[in-house]
Amino acid sequence: MMARIMIVEDNALNIKLFCDLLDAHGHETRGVTDSRGAMATAHEFAPDLVITDIQLPHIDGMELMRRLRADPELCRVPIMAVTAYAGEGDDERIREAGAQAYVSKPISVARFAAAVDALLEEGPLPAPDEDAEGTDDAAPPQARENGAASDPVPPATGKAGA
Ligand code: MN
């Protein structure tokens, strides 16, 4: 499926490679080499997917992902991170910062294309508030007006020292 994809990558050769690859798959691409312009470009371009390098001067990929996730208009856009260093624990940190997927450089064209297709297939992320509101509606009232029976004393778990 055709999509709008923004790529943030400070290396000119890599950004050309990514854009050419995605153009060849029929996508509309927008490359950003200076991450300081990434948020403004994202607002203007309204991408279906953001691909960002992690190692970027000025605003690194981790910080950029946090800003995207904190932006009310962009928080649902899936993010794929690209990194030259995938050490132990990086997967978790990158996902915590907001990425749905990451691939390591030098990229495998097949893996890169497959990861892009998978994220586009999944589409936008759920709105951050949906879950919380649903839970609130379904939850019983927190306290009753005459809460005599609503707070049973839990059974004692130990004989001494409680
Ligand atoms: Mn870089």
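## A first look at β4

In strand β4, Val82 is the bridge partner of Asp53. That is a handy way into this model, which is a predicted one: local features need pLDDT of at least 70, side-chain atom pairs count only at pLDDT 80 or more, and totals for chains, interfaces and linings use all residues. Residues are numbered from 1 along each chain as its sequence is written. As for the labels, helices (H or I, at least four residues) and strands (E, at least two) are DSSP runs, numbered from the N terminus.

Asp53's strand is β3 (residues 49-53), and β3 pairs in the parallel sense with β4 (residues 79-83) over four bridges. Two strands count as paired if DSSP finds at least two bridges between them. Elsewhere along this pairing, Thr52 stands opposite Ala81 in β4. To get from β3 to β4, the chain passes through α3, and this β-α-β crossover is right-handed. Right-handed here means that, with the strands pointing away from the viewer, the path from the first strand over the helix to the second runs clockwise.

## The whole sheet

Zooming out, there are five strands in an open sheet, ordered β2-β1-β3-β4-β5, with parallel pairing. The edges belong to β2 (28-32) and β5 (101-104); each has a single partner strand, so one side of each is left without a neighbour in the sheet. From one strand to the next, the twist averages 20°. Angles run from 0 to 180 degrees between N-to-C directions, and the axes are lines fitted to C-alpha atoms, for helices over the stretch in contact.

On the β5 side, β4 and β5 run parallel and are joined by four bridges. Met80 has Ala101 as its bridge partner in β5.

## What's tucked away

How many residues of β4 are buried? Five of its five, so the strand is mostly covered; buried means 20 or more other C-beta atoms within 10 Å of a residue's own, exposed means 12 or fewer, and partly exposed is in between, with C-beta atoms placed from the backbone. Ile79, Ala81 and Thr83 are on one side of β4, with Met80 and Val82 on the other.

The largest nonpolar core has 31 residues, and those with the most contacts inside it are Leu49, Val50, Ile51, Ile79, Met80, Ala81 and Ala99. Such a core is a set of buried Ala, Val, Leu, Ile, Met, Phe, Trp, Tyr and Cys residues joined through C-beta atoms within 7 Å.

Ile5 lies in strand β1. Ile5 counts as buried because 25 other C-beta atoms are within 10 Å. Val50 is 45 residues away from Ile5 in sequence, yet their C-alpha atoms are 5.8 Å apart in space. Beyond four places in sequence, the contacts of Ile5 (C-beta atoms, placed from the backbone, within 7 Å) include Leu22, His27 and Leu49.

Asp60 is in the loop between β3 and α3. Is Asp60 buried or partly exposed? Partly exposed, because it has 16 C-beta neighbours inside 10 Å. Not counting residues up to four places away in sequence, Asp60 touches Ile54 and Gln55.

How values were computed
Contact = placed C-beta atoms within 7 Å.
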